[in-house]
Amino acid sequence: MSKYLIHIHSGPDMKNKATLGMLVAVTAFKNNNEVNIFLGADGVHLLNIKTEGEVVGQGTGDLKTHLDFLKENNIKLYVSGMSSKARGYDEKLLEGFNAEFSMPDMLLALSVEADSTLCY
């Protein structure tokens with residue numbers, strides 16, 4: 001079993017990168033690996049997607065489906081508090097997820113602890 005950190009900083013406007021990052025996280029989890037996800041910069045917008053079909057990548061799936069999988073499997077999300085605040089989000093953004101607002105020191109700690117860090 002490996003330990004992965006998936007750092008997603010691409011927003012919904014970059015559909016392929018955003019959905020690819022989530023697909024990789026879901027795939028790693030399905031293959032019995034430990035997965036942490038850190039959303040920073042425009043990546044915080046991804047948690048605001050509420051409708052299937054809103055963000056769909058080419059061959060990388062529907063973001064809403066990936067988000068639902070994260071919720072159902074209680075996969076840990078770390079969400080940049082500074083990025084969220086700068087984009088007008090508060091605690092409501094995290095509702096339904098196993099998520100917490102985090103600072104850059106958490107991103108650094110997670111990257112040191114991980115066997116692999118993948119960025120999208």
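Reader: Leaving aside its neighbours within four places in sequence, which residues is Ile37 in contact with?

Author: Happy to start there, and keep in mind that this is a predicted model. Contact here means heavy atoms within 4.5 Å. With neighbours within four places in sequence left aside, the partners of Ile37 are Ile6, Ile8, Met22, Ala25, Leu70, Ile75, Lys76, Leu77 and Tyr78.

Reader: Which residues have the most contacts inside the largest nonpolar core?

Author: In general, nonpolar side chains tend to be buried together in soluble globular proteins. The largest nonpolar core in this model has 28 residues. Those with the most contacts inside that core are Met22, Ile37 and Leu47.

Reader: Which element supplies the largest share of this core?

Author: Good one to follow up! Strand 1, helix 1, strand 2 (34-39), helix 2 and strand 5 (76-80) each give the core at least two residues. The largest share is five residues, and its source is helix 1.

Reader: Which residues does the second, separate core include?

Author: This second core is made of five residues. Among them are Leu5, Phe38, Leu110 and Ala114.

Reader: Is Ala25 buried or exposed?

Author: Beyond its neighbours within four places in sequence, Ala25 is in contact with Ile6, Val35 and Ile37. The cut-off for buried is under 20% relative accessible area. Because the relative accessibility of Ala25 is 0%, this residue counts as buried.

Reader: How many Å apart in space are Ala25 and Leu5?

Author: Along the sequence, Ala25 and Leu5 are 20 residues apart. In space, going from C-alpha to C-alpha, their separation is 8.3 Å.

Reader: At roughly what angle do the axes of helix 1 and helix 2 cross?

Author: Two packed helices are described by the angle between their axes and the distance between the axes. Helix 1 passes helix 2 (residues 63-72) in a left-handed crossing. Their axes come within 10 Å, and the crossing angle is roughly 35°.

Reader: How do the residues of the contact of helix 1 with helix 2 divide into nonpolar, polar and charged?

Author: Helix 1 brings Thr19, Met22, Leu23, Val26, Phe29 and Lys30 to the contact. From helix 2 come Leu63, His66, Leu67, Phe69 and Leu70. Sorted by kind, these residues are eight nonpolar, two polar and one charged.

Reader: Why does Ser10 count as buried?

Author: Ser10 sits in the loop between strand 1 (3-8) and helix 1. Apart from neighbours within four places in sequence, its contacts are Lys17, Ala18, Asp42, Gly43, Leu46 and Tyr120. Ser10 counts as buried because its relative accessibility is 2%.

How values were computed. Residues are numbered from 1 along each chain as its sequence is written. This is a predicted model: local features need pLDDT of at least 70, side-chain atom pairs count only at pLDDT 80 or more; totals for chains, interfaces and linings use all residues. Side-chain values use heavy atoms; hydrogens and water are left out. Buried means under 20% relative accessible area, exposed over 50%, partly exposed in between (1.4 Å probe, protein chains only). Helices (H or I, at least four residues) and strands (E, at least two) are DSSP runs, numbered from the N terminus. Axes are lines fitted to C-alpha atoms, for helices over the stretch in contact, and angles run from 0 to 180 degrees between N-to-C directions. A crossing is left-handed if the near helix is turned anticlockwise from the far one by less than a right angle, and right-handed if clockwise. Ala, Val, Leu, Ile, Met, Phe, Trp, Tyr, Cys and Pro count as nonpolar, Asp, Glu, Lys and Arg as charged, and the others, Gly among them, as polar. A nonpolar core is a set of buried Ala, Val, Leu, Ile, Met, Phe, Trp, Tyr and Cys residues joined through side-chain atoms within 4.5 Å.
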